[in-house]
2 protein chains.
Amino acid sequence: MTAPLDHQTLEQNFVKPNILKQERTKAGRRLKLIQEELRKRFLKLKEESGSHSPSTSTILESIPELTIDVDACFLSNPLATDLFLEFLREELLETGKLRDVLEFYPAQNVEISKHLSPYLDVPKDMVFIGNGAVEIIQAFLHNFTEKSILINIPTFSSYYEFVRPDTRTIFHQLDKSKDFRLDQKDFVDVVKKEKPDTVVLINPNNPDGGYLTIDKLSSLISELKSVKNIVVDESFIHFAYEDDSLDLHSLAPLTKKFENLTIIKSMSKDFGIAGIRAGYAVMHPTKVTKLLKNGYLWNSSGLAEYFFKLYAREDFLKRYEKVRRKYIRDTQFFFAELLEIPNIKIYPSKANFALIEILNGRTATNLVMDLLFNHGIYVRTCSDKIGLEKGEFIRLASRSEKENRKTASALKQCLL
Amino acid sequence: MTAPLDHQTLEQNFVKPNILKQERTKAGRRLKLIQEELRKRFLKLKEESGSHSPSTSTILESIPELTIDVDACFLSNPLATDLFLEFLREELLETGKLRDVLEFYPAQNVEISKHLSPYLDVPKDMVFIGNGAVEIIQAFLHNFTEKSILINIPTFSSYYEFVRPDTRTIFHQLDKSKDFRLDQKDFVDVVKKEKPDTVVLINPNNPDGGYLTIDKLSSLISELKSVKNIVVDESFIHFAYEDDSLDLHSLAPLTKKFENLTIIKSMSKDFGIAGIRAGYAVMHPTKVTKLLKNGYLWNSSGLAEYFFKLYAREDFLKRYEKVRRKYIRDTQFFFAELLEIPNIKIYPSKANFALIEILNGRTATNLVMDLLFNHGIYVRTCSDKIGLEKGEFIRLASRSEKENRKTASALKQCLL
């Protein structure tokens with residue numbers, strides 16, 4: 001376990017074996033004061049970040065005394081980052097081509113989307129490239145959603161935060177006693193009753209990792225023909241699997257059959273490149289055309305363009321497929337370890353994170369700060385998530401094998 | 001001068017001295033056919049790119065037979081690219097920090113804007129960060145412009161292309177006989193008559209480079225108090241100067257005085273980093289808040305964040321100031337060379353490009369293809385620009401000293 005605080009005096013006072021009891025009490029009081037101060041600063045920072053967690057760099061800038069060893073808030077495959085960096089180094093850094101990527105204008109949206117079209121098995125005029133999935137979510141909500149949107153909760157907050165002021169948000173609470181699994185009949189009933197023009201389905205769902213098989217989801221979509229827009233967010237789909245083959249099942253090709261279906265996907269999670277800002281949507285060509293008429297022509301950076309070209313290359317994908325499968329296995333092993341820890345409930349997840357309910361009366365914020373200040377592990381409190389009011393929840397990301405071991409061990413110590 | 005066509009057979013047939021006349025005629029005919037074919041492909045490509053020129057990489061992908069030596073379409077300071085790459089190499093590549101920049105989420109919009117606030121001399125809640133200026137233009141037009149917008153023409157097309165369908169665009173034609181200079185009285189008269197809720201002023205203007213001094217522009221703005229939104233686009237302001245000191249004069253601090261004033265600025269041109277997608281706006285805090293409520297939280301990439309932090313650093317700015325001044329001197333020297341070429345008129349420019357009118361009856365497209373196919377120099381035809389119908393125009397960017405010499409010499413050969 002690493003030093004929780006980079007505070008030299010504290011450290012010295014605390015670990016010296018020959019320190020007098022009185023001194024130790026003094027030091028203890030000072031430690032308490034410092035920790036109280038840190039807590040205040042951390043809570044203020046969280047408040048300022050709204051419904052999203054402050055990033056590790058933002059935390060470290062504001063509280064430089066902290067050391068963060070594991071960012072278990074961060075939902076991304078680190079093995080995929082390694083792989084991307086390997087290609088980048090060889091193809092852009094060592095050749096000097098990085099200059100071109102940074103200096104010149106990247107290709108326009110339609111030029112990039114045509115690279116993705118064969119891989120996604122849809123025509124190129126159905127692909128829209130985004131500066132991260134969030135840009136597409138916003139564009140969708142502002143251009144296609146009209147009177148009302150139906151969203152399962154708990155969920156990724158951007159889907160209700162960025163709606164237009166004239167759009168009514170209808171929340172459909174997923175049942176905690178059923179592990180937040182979506183019940184098809186319940187959902188269709190709500191749709192019939194509320195008649196939303198847009199419904200959102202995140203698969204696997206964030207923050208619980210609940211997954212609907214491609215068959216179940218297809219069946220649900222075929223029941224929603226009367227709905228103007230169905231958004232399926234597949235940002236975590238690369239971590240899901242339906243059997244031991246660990247094969248990937250995307251709904252993207254179904255957009256050719258259902259005109260009301262839109263797939264939105266972030267590339268930050270599965271490819272470990274959140275800093276590049278890359279996402280895409282597959283939707284009806286009239287929707288793509290409408291968005292392009294409103295702007296979004298040059299919304300990709302040169303590095304995003306390079307990434308999207310890689311994403312369509314067989315040599316890269318072959319290597320990627322290996323790290324995707326390895327990461328799924330590591331993640332499932334991590335989840336199994338977490339199941340051994342007392343006083344918590346791990347919700348079943350097919351994503352690269354687990355929603356954890358604290359059962360021993362501690363608050364989520366208290367546990368998050370314990371893990372951060374005393375173990376250098378940063379996890380996300382879910383106490384601010386709409387739909388998670390009944391209970392204390394944190395969300396834990398799977399990182400590298402080594403980091404996962406650290407996280408599991410620290411969590412165990414906090415909860416024993 | 002480099003080989004215009006990478007076509008081996010052609011080359012061989014054409015240069016062999018012992019070739020028979022008959023053969024030569026055949027080869028000539030074939031060359032003509034091939035050039036005709038290239039012309040067709042180039043024109044098709046241009047058509048597909050809409051009102052913007054296809055990028056060099058798009059051209060080279062579609063017409064791989066071509067060699068482009070000078071991209072004089074591309075409006076950016078190459079010396080600033082060198083400088084940025086020097087910092088990037090030392091601080092991100094050699095330290096291995098590039099990984100963090102690519103792997104993790106960049107800071108949110110408000111976190112980045114606070115770095116810029118001291119440099120721009122405005123409070124941080126007045127700064128909005130964009131994924132390139134185009135994103136901000138689109139956001140502005142969709143969120144703040146209502147019934148009508150007044151735009152001088154010729155201009156940068158995004159200001160009228162991305163307006164909402166319910167916004168009326170009023171074009172104010174700049175007078176060619178007055179070198180497209182904006183006449184303050186004329187402009188105020190049009191505003192009084194048309195009562196637009198938004199007016200746009202690009203300074204220096206694109207595509208002619210016409211510049212209004214800070215005093216003149218301030219005086220104009222003070223006459224436009226009744227207009228809801230005044231947008232001043234300062235994307236080329238780093239290339240403008242008012243006297244031999246070559247000092248930079250930005251209108252940004254005036255946003256504190258005039259609530260209706262918004263400054264929009266691309267960083268692609270002056271800093272030579274179009275591939276990074278970085279721009280900002282300075283506007284009233286209520287406008288910034290409204291945009292952030294609609295999304296735009298994570299619209300910067302990790303590299304854009306790195307750049308913006310550099311932009312606020314004294315050590316970087318000190319070095320940048322030198323390359324800015326050197327580039328202005330190179331550019332003015334280039335313009336002076338162009339003035340020596342017959343059969344064209346160079347419009348007075350304080351930007352890093354010159355608008356050129358062709359006076360010998362050749363069309364702009366014809367000259368552009370001549371420069372591209374026979375000299376490897378890519379320039380922008382302005383025949384598609386609204387407001388430039390009366391005449392044949394091209395726009396020429398200033399590049400490195402060496403490239404500028406090549407461009408001037410090729411243009412001379414084409415026009416003699």
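Reply: Phe144(B) has a relative accessible area of 7%, so this residue counts as buried, the limit being under 20%. The model is predicted, and the values below are computed from it. Phe140(B) is buried too, with a relative accessible area of 2%.

Searched over all chains, the whole structure holds 54 aromatic pairs. One of them joins Tyr119(A) and Tyr311(A): the ring centres are 4.7 Å apart and the planes stand at 65°, so the pair is edge-to-face, a class that needs planes over 60 degrees apart. Helix α6 (residues 109-120) of chain A holds Tyr119(A), and helix α12 (residues 302-311) of chain A holds Tyr311(A); the pair therefore ties together parts that lie 192 residues apart in sequence. Are the two tyrosines buried, partly exposed or exposed? Tyr119(A) has 33% relative accessibility and so is partly exposed, whereas Tyr311(A), at 0%, is buried. In chain B, Phe140(B) and Phe144(B) also make an edge-to-face pair, with 5.1 Å from centre to centre and 65° between the planes.

Tyr119(A) and Tyr311(A) belong to an aromatic cluster whose members also include Phe84(A), Phe87(A), Phe271(A) and Tyr280(A). Phe307(A), Phe308(A) and Tyr320(A) are among the others in this cluster. Rings also meet charges. In chain A, the charged end of Lys350(A) sits over the ring of Tyr241(A), 4.8 Å from the ring centre. In chain B, Lys350(B) lies over the face of Tyr241(B), and the distance to the ring centre is 4.8 Å.

In chain A, 7 strands make up an open sheet with mixed pairing, ordered β2-β8-β7-β6-β5-β3-β4. Its edges are β2 (127-130) and β4 (168-173), each of which pairs on one side only. On average, and with direction ignored, neighbouring strands of the sheet are turned by 20° against each other. Strand β8 (residues 279-282) runs antiparallel to β2(A), and 4 bridges join the two. Within this pairing, Gly130(A) has Gly279(A) in β8(A) as its bridge partner. Helix α6(A), which carries Tyr119(A), packs on the sheet and touches β2 and β8 of chain A; the helix direction makes about 120° with that of β2(A). A further helix on this sheet, α11 (residues 285-293) of chain A, touches β2, β6 (229-233) and β7 (261-266), and its direction makes about 40° with that of β2(A).

Two residues give contrasting views of the surroundings. Lys147(A) is in the loop between α7 (133-143) and β3 (148-153) of chain A. With 66% relative accessibility, this lysine counts as exposed. Apart from neighbours within four places in sequence, Lys147(A) is in contact with Asp166(A), Thr167(A), Arg168(A) and Asp197(A). In chain B, Ile151(B) is part of strand β3 (residues 148-153) and is buried, at a relative accessible area of 0%. Ile151(B) and Ile170(B) are 19 residues apart in sequence, with 6.2 Å between their C-alpha atoms.

Strands β10 (residues 353-358) and β13 (residues 392-397) of chain B pair in the antiparallel sense over 6 bridges. One example is Leu355(B), whose bridge partner in β13(B) is Arg395(B).

Last comes the contact between the chains. Chain A gives 54 residues to it and chain B gives 54 residues. The buried area is about 4300 Å², and carbon and sulfur atoms account for 55% of it. Leu102(A) and two aromatic residues, Tyr105(A) and Trp298(A), supply 16% of the area that chain A buries against chain B, more than any other three residues.

Methods: Residues are numbered from 1 along each chain as its sequence is written. Chains are lettered from A and ligands numbered from 1 in the order in which they are written. This is a predicted model: local features need pLDDT of at least 70, side-chain atom pairs count only at pLDDT 80 or more; totals for chains, interfaces and linings use all residues. Side-chain values use heavy atoms; hydrogens and water are left out. Rings of Phe, Tyr and Trp (its six-membered ring) pair if their centres lie within 6.5 Å; planes under 30 degrees apart count as stacked, over 60 as edge-to-face and the rest as tilted. Buried means under 20% relative accessible area, exposed over 50%, partly exposed in between (1.4 Å probe, protein chains only). A charge sits over a ring if NZ of Lys or CZ of Arg is within 6 Å of the ring centre and within 35 degrees of the ring normal. Two strands pair if DSSP finds at least two bridges between them. Axes are lines fitted to C-alpha atoms, for helices over the stretch in contact, and angles run from 0 to 180 degrees between N-to-C directions. Contact means heavy atoms within 4.5 Å. Buried area is the accessible area (1.4 Å probe) that two parts lose on being put together, summed over both.
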